[in-house]
Amino acid sequence: MNRRFVKTGVSLIGAGGVVLLILQLVCVDVFTLRLPRQTSKLVAAVRVTQGQAVRLSYRHSVELMQVEGRFEIGPGPSLLLRETRTTSAGTGLPNTHPNRTRREGSWFVIDEELREVGGFRFFLVPINQTRLRAAGRQINLDAIKAGSIIQMDVERLNLLRWLFWRLGSVPWKFHREPQPQGEKR
């Protein structure tokens, strides 16, 4: 074998190893949708950064009023509830809070004080016309079976796992870092 050929091969293998190491060490934050009743099956993932918005909107099935939850990606990463908007206060609708509710046109806007809501779950029913946007991207919910419980959250994972998801839809298991005693998640 030619020495130059061997040196080139060793250099390429070394460079590939460095790239894999970097992909393992660099982490990204991802907004995820999982199905808790199906061993937390991953159904959607969108790369996000701190401060980006998530909006969950639906038509309330009893009152037939529009409701919108506005969330924000927080540090950690975490999912923070910014505000809840509704066009009415009625049966089963989000409760208004006298000191934190204002009126914007036809909306009652409840300031949720950026409360952390990791693992927020909702029930998917077609009559509710549920819509979900994360980081400016519409998430298609049509492929999810009606009647499913969906959990939305923010997860941190290494760039290699993210690339496997983006390129081949290879999911990863849900894992949340344990919180030190006394801290709320």
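Predicted model: local features only at pLDDT ≥ 70, side-chain atom pairs only at ≥ 80, totals over all residues.
**Ground rules.** I number residues from 1 along each chain as its sequence is written, and I leave hydrogens and water out, since side-chain values use heavy atoms.

**Confidence.** I looked up pLDDT, the predictor's confidence in each residue from 0 to 100, and found a chain mean of 85, with 86% of residues reaching 70 or more. Over residues 177-185 the pLDDT is below 50, and this stretch has eight contacts in the model beyond near neighbours in sequence; contact means heavy atoms within 4.5 Å.

**Open sheet.** I took strands (E, at least two residues) and helices (H or I, at least four) as DSSP runs numbered from the N terminus, and I counted two strands as paired if DSSP finds at least two bridges between them. Four strands form an open sheet with antiparallel pairing, in the order β2-β1-β11-β8. Its edge strands, each pairing on one side only, are β2 (41-48) and β8 (120-123). Neighbouring strands are turned by 30° against each other on average, direction ignored. Helix α2 (residues 159-168) packs on this sheet, where it touches β1 (27-35), β2 and β11, and its direction makes about 115° with that of β2; the axes are lines fitted to C-alpha atoms, for helices over the stretch in contact, and angles run from 0 to 180 degrees between N-to-C directions.

**Strand β3.** Which strands pair with β3? I found β4 (residues 66-74), antiparallel over seven bridges, and β9 (residues 131-134), also antiparallel, with four bridges. Val 54 has a bridge partner in each, namely Phe 71 in β4 and Ala 134 in β9.

**Ser 57.** Is Ser 57 buried or exposed? This residue of β3 (residues 53-59) counts as buried because its relative accessibility is 13%, the cut-offs being under 20% for buried, over 50% for exposed and partly exposed in between (1.4 Å probe, protein chains only). Leaving aside residues up to four places away in sequence, Ser 57 touches Gln 66, Val 67, Glu 68, Gln 129, Thr 130 and Arg 131.

**Hairpin.** Arg 103 stands opposite Phe 108, and in the two residues between the strands Gly 105 takes a positive phi near 60°.
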